[in-house]
Amino acid sequence: MKDLIIIGAGPAGLSAAIYGIRAGLDLLMIERFSPGGQVMNTHEVENYPGFVDPVKGWELMSAMENQARRLGAEIINGEAGAIIKDKEKNVFSISLSNGKSLIARSVILACGSANQKLNIPGEQEFTGKGVSYCATCDGAFFKDKVTAVIGGGNTALEEALFLTRFASKVYLVHRRYEFRGEKILQQRILANNKIEPIYDTIITSIEGKEKVTKAILKNKSTNEKKDLLLDGVFIFVGYSPNTAFLPEELLNTRKEVIIDKNLQTKIHGIFAAGDMRENSKRQIVMAAADGATAAMNAYDYLQEMG
Ligand code: NAP
């Protein structure tokens, strides 16, 4: 039996491991893909303190993983399912998709979030054939090609800028006249002559044969539709928390984990950190801070339980 099981090895989970191990907890991490989380798909990070120049997303996360491993973190590959509390013994049983289960005295949920889909015709069909949710991963396939980025938040703006390294043209299709993303990114977007913003517009379908050849756009004010000939559509319209495996009682209406000021969920002994919890600002530095806080509070909880 472990003192603590951390589900998820992104910035929140890895930071929780670093703090948990240094507090003397016997812990184990479970990760369903490879460690690093969404940041692995981010080309460069400019706002994580400690780096004078932008750091590559994978570099930052590899350093966090190596730091956790150097301290003794064990990360196993697996997907968590039901978490059941034995109220008499105050222990948790976490079932894994391979049929096994793990026992721990406390749990930190740090499962992050996943890309939101547009759910329009052609989106699923052409995923991997011109439709992408990761410019860092797929941008290089679009050298001298015409692309569109959908969305107006920080992710869309950053990824549109990144795509200009490869694509000959990047349309930035946004459903309003004002971008949600930071002003500094907006200025860089407007100054980049490869990027053409298309405001007040939504994308209604993605079409092609073997690969994407066009998108159908609709102006929201006039309802006018037009074909946009292109080779790739990059979709960045937000994220949804990875909470499908958790009981409804732990979640709010947006499917985020409800927490108290100690990052503890409604079940005593289960904590939540990072993008999957309510009121997350979805920043790497905040996910890392959450992980540290959750680990320290898990330590206090374990001390209390004796
Ligand atoms: P976001 O801030 O939620 O922005 C999503 C964008 O997609 C919005 O512009 C939204 O339009 C648009 N959108 C949503 N649903 C849509 C739909 N069905 N059709 C068309 N457009 C749609 O998501 P994000 O950009 O992924 O960022 C998420 C969080 O991570 C934010 O808090 C952000 O600050 C943070 N983040 C930070 C950084 C950084 O600090 N460098 C980088 C990436 C992300 P509306 O504006 O009209 O709602």
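Q: Leaving aside neighbours within four places in sequence, which residues is Gly122 in contact with?
A: In this predicted model, Gly122 is in contact with Val131 and Ile206, once its neighbours within four places in sequence are left aside.

Q: And where does Gly122 lie?
A: Gly122 is part of the loop between strand S9 (113-115) and strand S10 (131-132).

Q: Is Gly122 buried or exposed?
A: Gly122 counts as buried, because its relative accessibility is 13% and the cut-off for buried is under 20%.

Q: How far apart are Gly122 and Thr42?
A: In sequence, 80 residues separate Gly122 and Thr42. In space, their C-alpha atoms are 25 Å apart.

Q: What about Asn119, where is that found?
A: Asn119 is found in the loop between S9 and S10. The phi of Asn119 is positive, at about 55°, although Asn119 is not a glycine.

Q: Is Asn119 buried or exposed?
A: Asn119 counts as exposed, with a relative accessibility of 68%.

Q: Now Asp200: what is its phi?
A: Asp200 has a positive phi of about 55°, and Asp200 is not a glycine. Asp200 lies in the loop between S13 and strand S14 (201-208).

Q: Buried or exposed, in the case of Asp200?
A: Asp200 counts as buried, since its relative accessibility is 7%.

Q: Changing topic, which residues of helix H5 are buried?
A: Helix H5 covers residues 183-191, and its buried residues are Leu185, Gln186 and Ile189. Seen down the axis of H5, these residues fall within an arc of 100°, so they line one face of the helix.

Q: Why would residues three or four places apart point the same way?
A: An α-helix has 3.6 residues a turn, so residues at that spacing point the same way.

Q: What is exposed on the other side of H5?
A: Lys183, Gln187 and Ala191 are exposed there.

Q: And what covers the buried residues of H5?
A: The cover includes helix H4 (154-163), strand S12 (169-173) and strand S13 (195-198).

Q: On to the ligand: how many residues surround it, and which are the closest?
A: The ligand is surrounded by 20 residues. The closest are Asn47, Thr155, Glu158, Arg176 and Arg180.

Q: What gives the most to the shell around the ligand?
A: Helix H4 gives the most, with three residues.

Q: How many residues of the shell are nonpolar, polar or charged?
A: By class, the shell has four nonpolar residues, nine polar residues and seven charged residues.

Q: How far is a nitrogen atom of the ligand from the side chain of Glu158?
A: A nitrogen atom of the ligand is 2.7 Å from an N or O atom in the Glu158 side chain. For the side chain of Arg282, an oxygen atom of the ligand is 3.3 Å from an N or O atom.

Q: How much of the ligand's area does the protein bury?
A: Taken alone, the ligand exposes 900 Å², and the protein buries 76% of that.

Q: Last topic: where is Asn242 found?
A: Asn242 is in the loop between strand S18 (239-241) and strand S19 (270-272). Asn242 is buried, with a relative accessible area of 17%.

Q: What is Asn242 in contact with?
A: Leaving aside neighbours within four places in sequence, Asn242 is in contact with Arg32, Cys111, Gly112, Ser113, Ala114 and Met276. A polar atom of the Asn242 side chain lies 2.8 Å from the backbone oxygen of Cys111.

Key: Residues are numbered from 1 along each chain as its sequence is written. This is a predicted model: local features need pLDDT of at least 70, side-chain atom pairs count only at pLDDT 80 or more; totals for chains, interfaces and linings use all residues. Side-chain values use heavy atoms; hydrogens and water are left out. Buried means under 20% relative accessible area, exposed over 50%, partly exposed in between (1.4 Å probe, protein chains only). Helices (H or I, at least four residues) and strands (E, at least two) are DSSP runs, numbered from the N terminus. The arc is that of the directions from the helix axis to the C-beta atoms. Contact means heavy atoms within 4.5 Å. A residue is near a molecule or strand if one of its heavy atoms lies within 4 Å of it. A polar contact is a pair of N or O atoms within 3.5 Å; within protein, one must be able to donate a hydrogen and the other to accept it, and residues adjacent in sequence count only if both atoms are side-chain atoms. Accessible areas come from the Shrake-Rupley method with a 1.4 Å probe; for residues, only the protein chains shown count as cover. Ala, Val, Leu, Ile, Met, Phe, Trp, Tyr, Cys and Pro count as nonpolar, Asp, Glu, Lys and Arg as charged, and the others, Gly among them, as polar.
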